[in-house]
Structure formats: structure tokens, C-alpha cells
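Let's take a walk through this structure together. Have a look at the picture, and we'll go from the whole chain down to its sheet.

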Amino acid sequence: MTTALSRRQLIAAGAALAAASATGVADARIAPSSLQPLIGPGYRPTDRDELGMWQQMQRVEEEVAGSNLLMKDAGLNRYLQGLIGKVGGPAARDMRIYLARIPEFNAVMFPTGFTVIFSGLLLRMRDEAQLAGVIAHESAHFLLKHQIRQYRDLRRKSDVLSFASMLGGIAGGAAGVYTGDLAQLAQLGTILTLLRYNRQLEAESDALGVRLIAEAGYAPLSMSETWEQLIGEIELSAKVRRKRPDRGYSIFSTHPAPRTRMVDLRASAAELTVPGRAYDRGRERYLAALSGIRPTLLDDQVKLNDAGATQYVIQSLAQDGWNGLLRFHEGESLRLRNSQKYHDRAALSYASAVAFPDAPADAWRWHGIYLMKAGRPAEGRTALQRYLSLAPNAPDAPFVRQMLVS
Amino acid sequence: MRRSFLLAAVAASLATSGCVQTRQFADLQFTPPQGDYKLLVLRPDVQVSSVTTGGLPEARADWTEQARANVIAALRAQQADRGGKTLVLERRDSLPGLSAEQVAEMERLNAAVSQSIALHKYSGYTLPTKRRRGLEYTLGQDAIEFGRRTGYDYALFMHAEDSFASGGRVALQVLGIAGCFVGFCAPNIGGAGQFAYASLVDLRTGEVVWFNVLQTGSQIAGIKMGDIRSPDGAAQMVERLLGRMKPGRDVRRAQRARS
């Protein structure tokens with residue numbers, strides 16, 4: 001009984017463990033009908049661990065609610081609160097929603113039922129149904145008590161692991177076998193199962209989320225479309241940067257891979273779609289609610305200097321029709337790539353932007369400058385005069401006036 | 001022979017593994033507030049947790065409430081002894097003349113400066129420009145304005161946490177010590193203890209004049225060096241953290257020269 005564990009045995013054990021957890025990457029889809037919200041209206045925790053978690057969150061929410069990253073547009077915030085009221089299930093009236101100006105595709109739900117939506121998410125959604133899908137996914141985290149369940153999973157597994165390592169060590173010590181390698185392997189295995197559980201919870205949220213929007217009368221397929229758009233964006237962003245796209249298939253992922261989510265959501269949507277029923281997309285309402293901040297959202301995206309992603313986002317929004325604002329920001333993104341090829345394309349974008357009635361003043365500015373550069377001074381002057389008439393108090397207005405005089 | 005050596009080593013580690021440490025820095029010209037001064041304590045941040053078997057800190061709402069009340073009471077008593085008039089702000093909107101937003105901004109500014117102090121004074125990333133100069137940080141004009149509008153001389157920011165090993169953690173520790181007899185020794189798995197820091201801002205100059213960090217704990221799960229859930233334990237922590245305020249270096253030199 002004194003033979004140490006051979007390296008070969010150890011590798012075999014590790015491989016078996018990895019194989020066992022790797023199946024987590026391709027977890028079976030969770031049927032939307034298999035899930036029920038675990039909380040009702042006005043939920044308050046009673047368990048000791050959850051009470052502690054809620055208390056810690058008080059200051060977090062106070063900090064979030066007072067953060068200067070929040071976008072203050074009152075109408076838009078009311079609109080978002082109304083939306084979570086539609087797809088929030090039994091807790092619809094209890095949840096709070098905050099909009100943060102962060103140009104990324106993301107949203108977060110906190111254990112006490114407040115969620116933070118990133119502005120980059122609003123930019124990417126093509127209609128209310130798509131946004132409702134993301135909000136419903138976040139609501140489902142709260143309805144299914146995911147944060148406390150995840151914490152309990154972590155606590156249970158770390159308890160078991162520490163006792164097992166200690167007892168294993170003592171047994172090994174008594175028998176004269178070194179068990180340190182095994183203990184490390186067990187630790188890795190524990191981390192992998194924790195991540196796998198996290199992916200399972202995300203899949204649960206997708207499943208309950210799609211049911212919530214279907215019940216609220218939104219097209220169930222919209223959630224799957226969101227993932228299709230995200231995959232397209234990741235691929236194009238990587239291609240422009242000449243990098244391999246991160247497709248998210250890994251036993252170390254916290255979320256299921258986007259493609260898996262897209263496929264599962266499509267299957268769930270097919271299950272939930274009632275033939276003959278008319279589903280709402282809410283595109284007009286969505287555009288109206290966002291009209292005040294759309295230029296800011298596009299501007300923030302352009303300034304990320306992620307040309308591929310920006311191109312994808314603008315083109316996906318343009319599927320519903322081009323306008324001056326989209327063409328102008330397409331021009332901005334191309335111009336910032338700063339090579340002759342892209343300057344030529346940027347000039348074309350600005351030229352088509354100014355053909356739309358909603359072209360921003362800056363579209364006229366850059367249109368004029370590119371015309372001047374192209375050796376068409378008369379047309380350039382006209383465009384710049386138009387810029388001055390639209391933005392007489394622009395910071396560079398005196399400079400442009402001087403340019404037109406000389 | 002080998003076994004007795006092992007036991008001696010374990011005993012030594014048990015003896016040395018419990019400790020109370022503080023490390024304070026002060027502005028070179030700092031004199032601890034005495035006599036008739038007005039001190040504002042901004043929302044003392046208190047957190048008490050239980051340490052699970054696996055070593056995770058698990059927040060306990062009831063203990064935290066208890067400890068917060070005790071720490072605030074201890075702070076009031078301790079400052080009254082020094083002769084100061086103290087207001088402990090428990091909510092951001094309870095300061096007359098200032099909005100919750102303005103109080104929040106002061107807290108965030110202090111948090112940013114405190115992070116800098118922690119990084120460059122405590123974490124070893126010392127700055128050559130700030131070497132041997134005591135504590136040379138300021139919250140600037142905003143803090144002076146804050147003091148002018150509230151009428152306070154000093155602002156104290158304070159954070160305190162305490163944690164206790166759960167039954168499972170103590171059992172694991174007992175196993176770890178028992179294992180020493182068979183040659184698998186884990187005598188100090190640790191995981192519970194106190195951590196606190198305080199930062200004192202002179203609202204007349206805007207400068208952070210004094211900063212202290214307190215760490216109390218033992219490496220043996222189950223052995224405690226303090227307990228802020230009890231009034232006595234909270235008073236002990238406040239005393240350890242704030243009780244031994246040393247004057248700045250220039251002031252100490254001047255005092256020595258006189259004596």
C-alpha cells in the first residue's frame with residue numbers, strides 16, 4: 001500500500017473528469033414548460049444566507065441608483081420600467097431597472113431584483129420584442145432565484161472539497177501516499193462543475209425568458225434572432241481584426257456558447273408559437289422611445305474603434321431601412337480607419353447621408369470637407385454653408401466661416 | 001524524536017499565528033484632534049460574516065446590524081472622551097444643507113483616494129515622489145467646500161469587517177491539527193478575522209491627515225482575537241483602530257526637541 005499514484009493513473013483520472021464535465025458544453029436544451037417561477041409577488045427572503053446577501057445588496061443598489069453612468073432620459077426609463085412590468089412574471093411590479101451608458105452588449109440582474117441594462121444593448125436591438133427577450137432573461141434569473149442557488153452550489157461543493165482533501169490527505173499521510181496531485185485535480189474538477197452549473201442556470205433563464213415574452217404577446221423567435229445578430233457581430237469584428245472569433249465553446253465558459261443558445265431558443269420558440277396568433281414586435285414604440293439617445297448610442301459604438309462590430313451593427317439596423325443617422329455613423333467608422341481606401345468609402349457614406357432629411361449637421365460638414373479634398377470646391381462650399389446654417393454655434397463654426405471667406 | 005519535533009513546531013505555529021496589527025500613516029504636520037473640534041463620520045461601513053467550511057465568507061444580516069450599532073456607539077463614546085463633537089451620518093440624506101448626491105460624491109472621491117493610499121502605502125508599490133513624506137494626499141477644494149457648508153472640522157471614513165469560523169470550519173481545523181500525528185499537518189487553515197481601516201480628512205485644508213489599517217486574526221479557525229458583535233468587542237476594535245493616533249513626524253520631532 002505504499003505505491004504512489006502513477007502519473008499514468010493520474011492522467012487517466014483527469015481525462016475521465018474532463019470528459020465528464022465537457023458534456024456540460026453540449027447540455028440538452030431545457031424545455032420552457034419544465035420551469036416554474038420560484039417566487040411570487042413581493043418576495044422577501046427568510047433564509048439566513050439569503051438575508052445576508054440581500055443586506056449586502058442594499059448599498060450596491062444605492063451606489064448603482066446614484067451612479068453618474070446612468071442615462072437620465074425620464075421617458076426612456078419609464079419605458080424600460082414598463083417593459084419589465086410586462087415580461088417580469090410574478091415579480092413584474094417588484095423589479096427595478098437601471099440604464100447605464102456602457103457601449104457593450106450586456107445586462108445584469110442582481111439578487112434583490114434590480115437589473116442594469118447597458119446602453120450598447122439598446123443600440124443593437126431592432127425592436128421591442130428583442131429587448132423584451134433580454135429583459136425577460138434577466139427577470140428569469142430573479143424569478144428562479146439563481147444567485148442564491150449558485151452561491152449554495154459553490155458553498156456545498158467547496159465544503160465537500162475541503163473535507164475530502166483534508167481526509168484524503170490524512171489517509172494518505174497514514175498510508176504514506178502523497179495525495180497533493182489528486183487534491184489539485186479534485187479542485188479543478190470542482191471549478192469545472194461550478195462553471196457547468198452556471199451554464200445550466202443561463203440555459204434555464206433563456207428557457208423561462210422566452211416563455212415570458214411569448215405569454216406577453218411578443219414574437220418568441222426574437223430571442224433567437226438576438227443571438228444570431230451577436231454571432232454575426234463577433235465573426236465580423238474578428239475578421240476585420242484578422243483574429244479568430246471566440247465562439248464560446250469551452251468548459252471554462254460561464255455561459256453556453258452563443259450558437260447553442262441561438263439554436264435552443266429557436267427550438268423553444270417553435271414549441272411556444274401558437275399557430276394563427278398575431279405576435280407583437282413593437283418596432284414603432286421602440287424607435288420612438290430610443291429617438292432621444294440613438295445618436296449618442298451610435299457615437300459611443302463608433303468610438304470603440306471596433307470597425308467590424310460597428311459595421312455589423314449598422315448594417316443589421318439598416319435592414320429595417322437606411323437613414324441619415326446610420327449613413328453618417330457608417331461614414332464616421334470608415335473615416336476613423338484612416339486609409340485612402342476607407343476615406344473614399346467614407347466620402348460615399350457622407351454623400352448618401354446628406355440625401356436623407358434626418359442627416360445630422362456633422363454629415364454636411366464631412367461631406368463638404370471630402371468634396372473640397374476631391375477638388376470640387378464649389379459643391380464643398382455649398383455643403384459647408386449648409387453645415388453652418390444647421391449648426392451656427394458649433395465649436396468649429398468660426399473656423400469654417402473663415403475657410404469659406406478665403 | 002521526529003514526532004516531538006513536529007509537535008514543537010505545531011505549538012510554535014499555534015503560538016505565533018494569532019496577532020493584532022495596525023499600520024498608520026500621518027501627514028508630517030498632523031496633530032491628533034483634541035479639545036473642541038467637530039467631527040463628521042460618514043456612513044461607517046460594517047460587515048460581519050461567517051466563514052463556511054470551504055472558506056467562503058457568508059454575510060450575516062443579523063450580526064452585521066448588531067455590529068454596526070455597537071461600532072457606532074463605541075465611536076461616539078471614544079470621540080466624546082477626546083472632547084470632540086461627533087455626528088455619525090447613517091444615511092446619505094440626513095445631513096442638513098447637503099443633498100444625498102453631494103455626500104455620495106464626497107464618499108466616492110474619498111474611496112478613490114483611499115485606494116491610492118492602499119496601493120502606494122500598504123501594498124508595496126511605493127512612489128519615489130512620496131517616500132519619507134508621511135501621508136501626502138488630499139481630497140482638494142471639494143473637501144474644503146464640503147467642510148465650509150457643513151461646518152465640520154474633520155471627516156472620518158471608516159470600514160470594518162469581522163468574520164467567524166462556522167462549526168464546519170472549526171471541525172476541519174481540528175482534523176487538520178489531528179492530522180499532524182499521522183504526518184499530514186494543516187494546523188492553520190485560517191479564514192476568520194477582523195479587517196478595518198479609517199481615514200481622517202481635515203476639512204479646513206482638504207488633506208487626508210491620517211490613515212490606519214487594522215488586521216486582527218489567527219491562522220487557526222475557531223480562535224478569535226476580537227468580536228465586534230458585542231459592545232466590548234466593538235469598543236476594542238475602535239480603540240485599536242483610532243485610539244493610538246500618532247502625530248506626524250515633524251510634530252514629533254518638534255516635541256522631542258522641546259523635551
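Of the 406 residues in chain A, 36% are buried, where buried means that 20 or more other C-beta atoms, placed from the backbone, lie within 10 Å of the residue's own. This is a predicted model, in which local features need pLDDT of at least 70, side-chain atom pairs count only at pLDDT 80 or more, and totals for chains, interfaces and linings use all residues. Residues are numbered from 1 along each chain as its sequence is written, while chains are lettered from A and ligands numbered from 1 in the order in which they are written.

Along its principal axes, the C-alpha trace of chain A spans about 95 × 50 × 45 Å. You'll find 17 helices and three strands in chain A; these are DSSP runs numbered from the N terminus, with at least four residues for helices (H or I) and at least two for strands (E).

Now for the sheet. The three strands of chain A make an open sheet with mixed pairing, in the order β1-β3-β2; strands count as paired if DSSP finds at least two bridges between them. At the edges sit β1 (96-100) and β2 (107-109) of chain A, each pairing on one side only. β2(A) and β3(A) (residues 114-118) run antiparallel, joined by three bridges, and A:Ala107 stands opposite A:Ile117 in β3(A).

Two helices pack on this sheet. Helix α3 (residues 74-87) of chain A touches β1 and β3 of chain A, with contact meaning C-beta atoms, placed from the backbone, within 7 Å. Helix α5 (residues 128-143) of chain A touches β2 and β3 of chain A.

Note on methods: Axes are lines fitted to C-alpha atoms, for helices over the stretch in contact, and angles run from 0 to 180 degrees between N-to-C directions. A residue is buried if 20 or more other C-beta atoms lie within 10 Å of its own, exposed if 12 or fewer, and partly exposed in between; C-beta atoms are placed from the backbone.
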